[in-house]
Amino acid sequence: MGVPAAAAASELDITFTATSAANGDLLLGSSRDVSGYDASANGDIVSLILQRAAPFLPALDISAAAAAAIVRVGLRPQSSGGLPLVGSVPGVGGLLVNAGHSGSGLLLSPITSAVVLQALTGTTGSDHLTPAELAKLAVPLAPPRPVRSQAH
């Protein structure tokens, strides 16, 4: 189960994150891989995550960690344009969308939710958002592309 070179270069992103679970287990991550709706774990990606972690955790035994790995895979809907889908749905009166944030939902959803709230209430509660800036957030609606995120 290899990672194709083109995918590794263009659509696979391996970063280093480390935290502990409530039970004390070490959680390492993470990756972003445009993979459609495939939520299966990829052993090659897990290996890349462990290799990425090694310089930060020199005492980590990569072989032992790989053998003990419990892999979590989550799908994170991302719009085809890469930006969140925020605003009214053309042709469907009263329907607003706030979706497709991918892995940036925790950071972007407060501001995009404020945009939707302003649209629902007809207010302009933010001095930081102008119609021109809102237009930058809006992208044409298209089916979302799930991004597979793996963590060890």
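Predicted model: local features only at pLDDT ≥ 70, side-chain atom pairs only at ≥ 80, totals over all residues.
Local features were taken at pLDDT of at least 70 and side-chain atom pairs only at pLDDT 80 or more, whereas totals for chains, interfaces and linings use all residues. Residues are numbered from 1 along each chain as its sequence is written, and side-chain values use heavy atoms, with hydrogens and water left out.

The chain has a mean pLDDT (the predictor's confidence in each residue, from 0 to 100) of 75, and 74% of its residues reach 70 or more. Helices (H or I, at least four residues) and strands (E, at least two) are DSSP runs, numbered from the N terminus. Confidence is lowest in helix 1 (residues 5-10), with a mean of 45, and highest in helix 2 (residues 43-53), at 89. Over residues 4-9 the pLDDT stays under 50, and the model has three contacts (heavy atoms within 4.5 Å) for this stretch beyond four places in sequence. Residues 139-144 also have pLDDT below 50, with 14 contacts in the model beyond near neighbours in sequence.

Rings of Phe, Tyr and Trp (its six-membered ring) pair if their centres lie within 6.5 Å; planes under 30 degrees apart count as stacked, over 60 as edge-to-face and the rest as tilted. Phe16 and Phe56 are stacked, because their ring centres are 4.4 Å apart and their planes lie at 5°. Phe16 belongs to strand 1 (residues 12-20) and Phe56 to the loop between helix 2 and helix 3 (62-67), so that the pair links distant parts of the chain, 40 residues apart. Phe16, at 24% relative accessibility, is partly exposed, as is Phe56, at 46% (buried means under 20% relative accessible area, exposed over 50%, partly exposed in between; 1.4 Å probe, protein chains only).

Gly29 and Ser30 are joined by a cis peptide bond, with omega about 0°. Ser30 lies in strand 2 (residues 26-34).
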